[in-house]
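Here is a short briefing to read alongside the model. Keep the viewer open and follow the topics one by one.

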Amino acid sequence: MITALAAAPAAPGFLSPSGIEIAFVLVGIATLGAALVTVTTRQLVHAALWLIVALGGLAVEYLLLTAEFIAWVQVLIYVGSVVVLLLFGLMLTRAPIGRSPDADSENRWAALAVAVASAGALVWVVVDAFRTTWIELDGPAQGSTEVTGAFLFRNWVLPFEALSVLLLAALVGAIVLSRKGGRAAPDRADATPPREDAR
């Protein structure tokens, strides 16, 4: 029995991290910092650019977890579509480039409390669900394109298509808002000034 216990593989521990785990923690810290800057800056364009950094950091985290399909979906859909759509919306609606006082709702403490509570609940759920689950990074890829793609388009095809409709609706909304702002200026320019005898 002693021989069997000695031959059993030792459980991985936190005191002997591998290079991939160290890189995962460092990228996570950088991603968290970019996310904090995204929600605290008062410049809308800077917030969108820092959001690109945060979402790109998440894609790197997926790559470190050998989930390359999810990583490229993260880049294509979120970085390549959502953020670009957000930047187009900012340009089409003529949002201010510099500091915007409208971006501060004076509810920072309430937002911080909600964010901390949400983060705590999410961490507790994930830790409780995967407490004894370990990903073997040196073994076969767990998130390969074939496996994840088959699972996605069999079980999650409806939410996947709903996301594309959401992106289309956001683009149409940005175009509508920009056209409304563009119509008001010509109407004011074409308005005839009052005549002197009417005064």
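The points below cover the fold, a pocket, a surface patch and a few residues.

This is a predicted model, in which local features need pLDDT of at least 70 and side-chain atom pairs count only at pLDDT 80 or more, while totals for chains, interfaces and linings use all residues. Residues are numbered from 1 along each chain as its sequence is written, and side-chain values use heavy atoms, with hydrogens and water left out.

**Overall fold**

- The protein chain has seven helices and zero strands, where helices (H or I, at least four residues) and strands (E, at least two) are DSSP runs numbered from the N terminus.
- Read from the N terminus, the order of elements is α-α-α-α-α-α-α.
- Of the 199 residues in the protein chain, 17% count as buried; buried means under 20% relative accessible area, exposed over 50%, and partly exposed in between, with a 1.4 Å probe and protein chains only.

**The second largest pocket**

- The second largest pocket holds about 310 Å³ of space.
- Two or more lining residues come from each of α4 (68-92), α6 (145-155) and α7 (157-190), and α4 gives the most, with six residues.
- By class, the lining of the second largest pocket has 12 nonpolar residues, two polar and no charged.
- For the classes, Ala, Val, Leu, Ile, Met, Phe, Trp, Tyr, Cys and Pro count as nonpolar, Asp, Glu, Lys and Arg as charged, and the others, Gly among them, as polar.
- A pocket here is an open set of points on a 1 Å grid over the protein atoms alone, where a 1.4 Å probe fits, with protein on both sides within 12 Å along at least five of seven lines; lining residues have an atom within 4 Å of a point.
- Grid points are joined across faces, edges and corners, and a volume is the space filled by probe spheres set on the points.

**A nonpolar patch on the surface**

- Ile22, Phe24, Val25, Leu26, Ile29 and Leu65 make up a nonpolar surface patch, and together they have about 510 Å² of accessible area.
- Patch residues have over 30% relative accessible area and no salt bridge, and nonpolar side chains (Val, Leu, Ile, Met, Phe, Trp, Tyr) are joined within 5 Å.
- A salt bridge is a side-chain nitrogen of Lys or Arg within 4 Å of a carboxyl oxygen of Asp or Glu.
- Accessible areas come from the Shrake-Rupley method with a 1.4 Å probe.
- Leu65 lies in the loop between α3 (44-64) and α4, and Leu65 is partly exposed at a relative accessible area of 31%.

- Gly33 sits in helix α2 (residues 19-40) and is partly exposed, at 30% relative accessibility.
- Between the C-alpha atoms of Gly33 and Val53, 20 residues apart along the chain, there are 9.6 Å.
- Gly57, in helix α3, is buried at 9% relative accessibility, and its C-alpha lies 7.1 Å from that of Gly28.
- Ile77, in helix α4, is buried with a relative accessible area of 15%.
- The C-alpha atoms of Ile77 and Leu167 are separated by 9.4 Å, although these residues are 90 apart along the chain.

Notes: Patches are made of residues with over 30% relative accessible area and no salt bridge: like charges are joined within 9 Å, nonpolar side chains (Val, Leu, Ile, Met, Phe, Trp, Tyr) within 5 Å.
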